[in-house]
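Hello,

Here is the structure I promised to hand over. Please look at it first, then read my notes below.

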Amino acid sequence: MREENREPGRRSLIRGLVGGGTVAALTGSTALLPPPVARADSSPAPGGDPFALPRFEPNGRVREFWVQAESFQHNAVPNGTDAMMGRPFTPEQTTFWALGYRAYTPDWGSPLDPDLGPNGIGANSGIPGPVLRAEAGDVIRVHFRNNDEHYRWPHSMHPHGVVYDRDNDGGWLADDEKRAGSAVPYGESFTYTWYCHPSSVGTWPYHDHSLPQTPPGADPSPGASADTRHGARGSRSQPGRSGPEQDGGAVHGGAAGNGDTAGHTDAAGNGVVAGNQDRPRHPGGGHDGDHDGTQHPGHEGGQDDGQDGSQPAGGSQDGGTDDAQPPGHGGQDDGHGTGQDDGTAGGQDAGHGSMVMEIGAELGLFGILVVTDQQTPAVDREFVIFLHDLNRRSARSLGQGLNMFNGRAFVDNTPTCTAKVGDRVRWRIACLGEEFHVFHIHGHRWRSRQGYQGWVDSQIIGPSTTLTIEYTEDNPGDWIYHCHVTHHMTGGMVGRYLVTP
Ligand SMILES: [Cu+2]
């Protein structure tokens, strides 16, 4: 049915972009126009409600995925070099305890093999997670298991773009903490069901959206420690927990306790908050940092570095960025803060006190979900690149914050993408974190809804938004792709793009 509407939709799109007179001249390239634009034009039935979403027409197919959250030591700069700036790194400076999603055979039997082809799951190395692919009309069923042996935090999977009910959303709220899929305890599993509507066609992120946590090595306030006793479903009372990492691994589900203190009998038993539990709660609750009155002013965010309070208002915006400079480097070079700014100003934005919302995603629990339909052009090469940042507030083992593509920083550590002239190329790019980026590929242009007649060679992308870039390769060379925000590029967001004749 939508097939019939396809061509008119594309034609009107072209008119919108370049005017009707040039339609014929561009016909050859229309197949690679960004599909969502054409679809938006073609979906409403003639004379129908322009607000109406295209209807879900189930095709009876269920796409099943077996996905596991895992923890592992991860070196973001395995070759030890920032080849753009000529700076060396030791493994200690760039290694942290990461989290990642991996795809498995049924019943989480064994990890699926990597498949970097245009219809594959990707590297399946954890960061990013597997590319979850489906078609409009499909139902996606993700069997998710939490095997976070290191942090032992609850985790979840929250998708964008597809359609789901609240129980399958994976997003945790302190005042709605009973939803099983929003906080899957370590060692347990949950099955999510998501529907691929026609409006789901495109590139989307999915990520951990479970309860906030205090990163290991942070200095949670006594009150924050108390909070860890309740609401930390699944992560409390874990046998075998050991190591210093666990100390700070305080789970602040206690935020939920504000409206429900009766259920948390151990609140009174926490000596550290003695005398405070009788204090009237703040109306509106939720502010775990102050609900027990023990939060120290100096303990907001990355207290160790003590710079939070001295940051100008703009500091939080630079949160994960200034910190991308290694100590002793960079700060002076590009006029940004010094290496000791570890981005903790962002901590105030990302959570309360030392807690960090979506810390699982910051440590690597994210991936790309792709929904296609019959209008999606086939390509020869498809590159899946995830832009994300990590600062020392969340990973104290790092010598500096990092700006990463797919869990790696700096050229020849980040993915090297390859194509040959004549290839139909697609980049599926997504972003999470605290930064906005400008994705740029040297030597190439593509169609978008921005720029002169839609042609661009750089595009803005921010947390949870995506880019789908399509073109026919025409320019051989040893190129780079990078974020065009200078200190994100020098913080690691640069990769190689090799095009052969
Ligand atoms: Cu950037």
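**Notes on two groups of strands**

Strands here are DSSP runs of E with at least two residues, numbered from the N terminus. The model is predicted: local features need pLDDT of at least 70, side-chain atom pairs count only at pLDDT 80 or more, and totals for chains, interfaces and linings use all residues. Residues are numbered from 1 along each chain as its sequence is written.

Strand β9 (residues 202-207) pairs with β10 in the antiparallel sense, over 6 bridges. Two strands pair if DSSP finds at least two bridges between them. Strand β5 (residues 132-135) runs parallel to β10, joined by 4 bridges. There, A134 stands opposite V371.

How many residues of β10 (residues 366-372) are buried? The count is 7 of 7. Buried means that 20 or more other C-beta atoms lie within 10 Å of the residue's own, with C-beta atoms placed from the backbone. F366, I368, V370 and T372 point one way from β10. G367, L369 and V371 point the other way. In a regular strand, side chains alternate between the two faces of the sheet.

Now the second group. It is an open sheet of 4 strands, in the order β12-β11-β14-β19, with mixed pairing. β12 (402-405) and β19 (466-472) each have a single partner strand, so one side of each lacks a neighbour in the sheet. Strand β14 (residues 424-431) pairs with β19 in the antiparallel sense, over 7 bridges. R426 in that pairing stands opposite E470 in β19.

Best wishes

How values were computed:
A residue is buried if 20 or more other C-beta atoms lie within 10 Å of its own, exposed if 12 or fewer, and partly exposed in between; C-beta atoms are placed from the backbone.
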